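Please open the structure in your viewer and keep the selection tool at hand.

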Amino acid sequence: LASVTFGKARAETLPPVVVWKSPTCGCCGNWIRHMQGAGFSVSVHDTGDMAAIKQARGVPDTLLSCHTAVVGGYVVEGHVPASDIKRLIAEQPSAKGVAVAGMPQSAPGMDQPGEPYTVVLFGTPSGDRIYAPH
């Protein structure tokens, strides 16, 4: 029971996640469920103009994926694991956000193990860098 209480208390300290996605993208829904399972509250906006959403949030063309989110003031592009987002929130680096470019099959929401991928921290004063290899 103590761990359940701790889990609820922790979830209340996580910032909300706002996601923009195409209304027809199933893997985005899977990533949203991954985030909810990690304790985040998620609000979703379906849009037919993802390019405008990404451009407005400064997502580099080289890091584009299927959905874009904002969490704790950071942009989260694509299938970034919840654990890396929790680390981002805890560390508060000087950056625009994190991204998983493309749609790697083993990333959360895709859920087919075997394909290595990288989470990139972008928009830092010293340029983009690897944040977490998976």
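Begin by selecting D84. Leaving out residues up to four places away in sequence, D84 touches V119, Y131, A132 and H134, where contact means heavy atoms within 4.5 Å. This is a predicted model, in which local features need pLDDT of at least 70, side-chain atom pairs count only at pLDDT 80 or more, and totals for chains, interfaces and linings use all residues. Residues are numbered from 1 along each chain as its sequence is written, and side-chain values use heavy atoms, with hydrogens and water left out.

Remain with D84 and show its side chain. A polar contact of 2.6 Å links the side chain of D84 to that of H134. A polar contact is a pair of N or O atoms within 3.5 Å; within protein, one must be able to donate a hydrogen and the other to accept it, and residues adjacent in sequence count only if both atoms are side-chain atoms. With a relative accessibility of 7%, D84 counts as buried; buried means under 20% relative accessible area, exposed over 50%, and partly exposed in between (1.4 Å probe, protein chains only). From D84 to V119 the C-alpha distance is 8.1 Å, although the two are 35 residues apart in sequence.

Next, select helix α4, residues 82-91, in which D84 lies. Helices (H or I, at least four residues) and strands (E, at least two) are DSSP runs, numbered from the N terminus. Which residues of α4 are buried? They are A82, D84, I85, L88 and I89. Viewed down the axis of α4, these buried residues fall within an arc of 160 degrees, so they line one face of the helix; the arc is that of the directions from the helix axis to the C-beta atoms. The buried residues of α4 pack against α2 (26-37), β3 (68-71), β4 (74-77), β5 (97-99), β6 (118-122) and β7 (129-133). After α4 comes Q92, with a positive phi near 50 degrees.

Now move to Y131 in strand β7. Is Y131 buried or exposed? Y131 counts as buried, at 4% relative accessibility. Its contacts beyond four places in sequence include D84, R87, L88 and E91. The side chain of Y131 makes a polar contact of 2.9 Å with the side chain of E91, and a polar atom of the Y131 side chain lies 3.2 Å from the backbone nitrogen of L88. A charge sits over a ring if NZ of Lys or CZ of Arg is within 6 Å of the ring centre and within 35 degrees of the ring normal.

For another example of such an arrangement, select R57 and W20. R57 lies over the face of W20, at 4.1 Å from the ring centre.

Select E77 in strand β4. E77 is buried, with a relative accessible area of 0%. The side chains of E77 and K54 are joined by a polar contact of 2.6 Å. Among the other residues that E77 touches are V59, L63 and V98.

Finish with strand β1, residues 17-21. Four of its five residues are buried, so β1 is largely enclosed by the rest of the structure. Strand β2, residues 42-46, runs parallel to β1 and is joined to it by five bridges; two strands pair if DSSP finds at least two bridges between them. To see one of these bridges, select V19 and its partner in β2, V44.
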